[in-house]
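I opened my notebook to look up a few things in a structure. Here is what I asked, entry by entry.

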Amino acid sequence: MSAQAPEEGRLTGIAILRRGLALSPAIKEGLGLTLVLAILSTIGGSVIPIVIKQTVDSGLGKGNGTELSDVAGYLFAALGIIVVSGLLAYWMRVRLFVASERGLAQLRVDAFRHVHDLSMLTQNAERRGVLVSRVTSDIDQVSQFLQFTGIMMVVSLGQIVVATAIMAWFSWQLTIVVWVCFLPLAISLKYFAERLSRAYDIVRGTVGEMLAVIAEPVVGASVVRAYAIERRTQERVDAGIGRNLDANVRAQKLVAVTFASAGVAGGLANAAVIAFGVAIGLSGQLSMGTVIAFAFLVGLFVGPVQMATQVLTDAQNAIASWRRVIELLDTPADVVDPGAAGTTLPGGVLGARFEGVTFAYPGGPDVLKDIDVEIAPRQRVAIVGETGSGKTTFAKLLTRLMDPTVGVVRLGDTDISQVSFDDLRRHVLMVPQEGFLFDATLRDNLLYGKKDAAETELLEVFDRLGLADWYASLPRGLDSQVGQRGESLSAGERQLVALVRSALADPEFIVLDEATSAVDPQTELRATRALDRLLEGRSSVTIAHRLSTAENADRVLVFDAGRLVEDGTHAELVRLGGVYARLHASWVAQASLATHQPVVDPV
Amino acid sequence: MSDRTTAEPASAAPSDADERDLGTTDHTHVTGRGFALLGQGIREQRFLFSLSVIGSVLYGAMTVADAWVLGWATDHVIRPSFARGEIAKGALAGAIALFLAVAILRGLGVIGRRLIGGVVFYRLIADYRRRVTRKYLSLPMAWHHRHPTGQLLSNANADVEATWSVFMPLPMAVGVIAMLVAAIVAMLAADVVLTIVGLIVFPALFAINVFYQRWLSPKVSYAQSLRGDVSSVAHESFDGALVVKSLGREADETERFTKVTHELRDANIAVGRIRSMFDPLLEALPNLGILLVIVLGVGRVASGAADPGDVVQVAYLFTVVAFPVRAIGWVLGELPRSVVGWERVSSVLDAEGSMAYGSRTLPGGGPVALDIDGLTFGYADGDRDVLRGIDVEVEPGKVIAVVGATGSGKSTLTSLLTRLVDPQHGAIRVDGHDIRELSHAELAKAIAVVPQATFLFDDSVRENVTLGGDFSDEDVWAALRTVQADGFVARLPAGLDAELGERGTTLSGGQRQRLSLARALVRRPRLLVMDDATSAVDPEVEQRILKALAAHTADDDGPTVLVVAYRKATIALADEVVFLDDGVIADRGSHDELVARSADYRNLVNAYDHAREVES
């Protein structure tokens, strides 16, 4: 629909409206009556000037000796219309607010849920901010549109139709004249709307850029100072702000031009009605009264047209927002929960099996190629490999955060894509490397692992993982607030909480992404001990960043460029002299300092 | 449309504190401060603002003129033409010309009011964003430490916008005041008594508006704060998506989100109910006024006190002015928001202090001698000094490692070395010169720091390394080679020109850290400060980087190095180790010596790499 490289499958404005209403049935409920009320109330509003004019013409206009009683009928009619249309307007608005807020609240929730169903969320951290705005500011825009702009548009269109009907009743010839005057505007409106929509797209782009550069002197404050690049940074910020200013001004220019052309068309119509009215009148087809009446009627037409033009520009933003929400909801959830129709896994500790598994992101190269591997129940497996070797992808496939492009992942003998999420997640759990905590109490965070766990159960897990002393050191115990993203706790303590949370969830198969960031030694020790106890008696796969993890594993899988290149115990792989041996050598080099020192004071 | 509505999260979610402030702000003071703010903005953009007001007045005048031309055309074209049976050509041409002239002038009015008015608004926010960011760049780091990042970003974005948002309806409101004055004068000329009716109706409109705003604004603030809650829940939930997904908590999260969403919905509906009542009322009032004018007018005409034409004119003036009068209400409605925004913006603009730099340059080249002498530092809000009496001397070209547990003061030491903060006591000297005497540029040239947290600019790889400095591509590649980043950079589609950040390439934590290292190395600093700068790098790659760094520092003109280290591999680079414990130097010497004589040190350096072994 746009002259800009037409995006495939981009919905048109009307299609957005239709689809949007279909997605929020609450908005459609009783919409017919609301629209009728809207048109009635505004038509009532525009009838008032006519009634007043009649009053003036029939009473006041005659001048000499008019009594109030002569015009009382008109005045009461006018009063009645004012009151009734006011009440109708109130009724209409309340209906509209309630229906649209209900519909949009549902849309918000649906979009939120859908975001969680999309695996892209776990893949791309940078998109998260954008996704938040889908369920917040985008929907706010739609609500503004439905409650103010949209209804005004409908009303204006209604008024245009009514005005046209009244004009045609007076003179069809002059009605055609008026329409012809507005034809160029009507035709170019589509063009203006497209230009505007593009101009706002550009504005949005510059806002993103500007926010990014404004963040530099704040988030990067220390780097800016340390490298003495204040001036350069200011220039970048100024430029970003400047581009945003320019884009906004360009969009304003379009808005102003659009409004102004509607005004010029109105002037043209006025002039044409006078000229043609007189000409047609003189040929005997129209009376003078009709021509004069018509000249005033044009105003009834021009007003709503101008309103519709103004509203159209505002509508572009709302449509764009609605489109983004709809496109989000229309993105198919790539990892589908078979739900109740799915099978359940058998009891007992299970192993896992990858059968001919290949994975590639859409349009990308293979990240993981032809993986065939079986992990026995209770086996403790370490995965090693460089960044980009495919080890994280392996972990995500195993927990069904993603589905393989080719091949099957099984737990026991069951294809995990056939298992309901509910059941699957009782059995297999991914513990991410940096323990993400929610801004709530420690207790709330632990309950994420098991909703209905009793307090004693929580404390018992601290005990079991050997964290009782750490727990005892928390002044407020389970009621400790962990802060945003858990920032009131140290990185190491966050890991501890994540481990307790996982232990509560009590899965039989744990997939662990080992933390890389350094934490203080005491916490490190605690975490290591807790982890050991957590993994006891379970199957586990750990993405290893440390020598000790690989050394202590039952089995090491080595990934390189998307392939499983080595598989064996630590000792076997060191002897093999391949990728793992090389990795091991660099680990040893790091640790060598400690090992070749005479230990004077053995711990 | 302002960019408030299109901005992504940083400004899309106004902090709820902001809105709560609004709810409690004293309204009587708000109006005074609000008008002062209006005056300030008008003064700063006086030329364009005047144009926009002229545009607005022109628009209003042309709206009235339109009706006048219609009357003129009726009297001079339609009636005479029908009377004479032929078109009054001259008058017709005149009417057409008048209609078009009015339309064009009204178009100009629209351009003045909408376009120039918009430009005033956008210029003000651009200007104040620049002022705020300029301030951010000059205020000392200590000030930055005291203010949360989110707040500073919102000061520069949402708050600046809130401050000036009142300028969107302002030109129209000022134009309306002009129209109102003209209308009242015209009414007075027509009929004094009827005008008094008008003078009753307008204040009533005004009063209803004020009452409306006050009744509504706490409800709007409440809805706004709920909007903030909805945004935070979504933010947090999407941030923790991996946890939510792997623990199978999607349904519970949806429930949590549904709860705040429903609260917001109900709050919005409550606001909507009030709006539903007031909007029709505000529309009906002028119409009722007109009826009143007619009722009284008929009586006055009957008693001969007024001409019918005068009554018609007063009634007409009413209809013209009634709707635009609401623009004044919009301005008054926006004022509290503007005042709250301005308070937040001015808290930044009024902040004082900056880091004073000297003017000295360092003579010579090559590595410098570092002398840290009796250094004591405490944060303003801390109970206790973070570093106490630190003395360290490093010979030119040597590498010193600083080792210590979390909170021992290591990172603070690196901040002091680059003067992000200054010590309360003691001094840092390079080649005998106190770093406080050095010019800012010289300091940055001589001492390069690689911080613990990597910060990359939303820019190309090249610019992220050079930071606008004059370095050849060979220099850049050499630095990238040293930090083992040449491989992945070469593989990027655009190489050195590849854009990083939101719209560009996404790098892993280790890759980002390596670019940050290259940034320091490319400048060939005379003192290199690294704060746990390889923590996110794969061990094997780290090993290669450290080897290359060792070769680099062993050069005759390689830098003196101070490195904060956790891992033994990094410590291995050092000629000497300083062991920090709780803000004081607990011990120093070679790694071997420290391992031999300090149990604390041994525990610390062993913990990370061999936690398991230590335990068993």
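Entry 1: I sorted the lining of the second largest cavity by class and got five nonpolar, five polar and two charged residues. My classes were these: Ala, Val, Leu, Ile, Met, Phe, Trp, Tyr, Cys and Pro count as nonpolar, Asp, Glu, Lys and Arg as charged, and the others, Gly among them, as polar. I noted that this is a predicted model, where local features need pLDDT of at least 70, side-chain atom pairs count only at pLDDT 80 or more, and totals for chains, interfaces and linings use all residues. Residues are numbered from 1 along each chain as its sequence is written, chains are lettered from A and ligands numbered from 1 in the order in which they are written, and side-chain values use heavy atoms, with hydrogens and water left out.

Which residues line the second largest cavity? From chain A I listed A:Phe259, A:Ala260, A:Ala262, A:Gly263, A:Gln306, A:Thr309 and A:Gln310, and from chain B I listed B:Tyr59, B:Arg106, B:Gly107, B:Val110 and B:Arg113. Helix H10 (230–282) and helix H11 (288–330) of chain A, with helix H5 (89–138) of chain B, are the elements that give two or more residues to this lining. Helices here are DSSP runs (H or I, at least four residues), as are strands (E, at least two), numbered from the N terminus.

The volume of this second largest cavity is about 100 Å³, and the structure holds 15 cavities of 30 Å³ or more. A cavity is a set of points on a 1 Å grid over the protein atoms alone where a 1.4 Å probe fits but cannot get out, and lining residues have an atom within 4 Å of a point. Grid points are joined across faces, edges and corners, and a volume is the space filled by probe spheres set on the points.

I looked at A:Asp413 and A:Arg353, whose side chains meet at 3.3 Å, N to O. A:Asp413 sits in the loop between strands E4 and E5 of chain A and A:Arg353 in strand E1, 60 residues apart. Is A:Asp413 buried or exposed? A:Asp413 is exposed, at 60% relative accessibility (buried means under 20% relative accessible area, exposed over 50%, partly exposed in between, with a 1.4 Å probe and protein chains only).

Next I checked A:Glu460 and A:Arg464, which form a salt bridge at 3.4 Å. These two are four residues apart in helix H15 of chain A, so about one helical turn separates them. An α-helix has 3.6 residues a turn, so residues three or four places apart point the same way. A:Glu460 is partly exposed at 38%, and A:Arg464 is partly exposed at 37%.

**Entry 2: a buried strand residue.** I found A:Val541 in strand E8 (residues 539–543) of chain A. A:Val541 is buried, at 0% relative accessibility. From A:Val541 to A:Ile383 is 7.0 Å, C-alpha to C-alpha, though they are 158 residues apart in sequence.

Technical notes:
On a 1 Å grid over the protein atoms alone, a cavity is a set of points where a 1.4 Å probe fits but cannot get out, and a pocket is an open set with protein on both sides within 12 Å along at least five of seven lines; lining residues have an atom within 4 Å of a point. A salt bridge is a side-chain nitrogen of Lys or Arg within 4 Å of a carboxyl oxygen of Asp or Glu.
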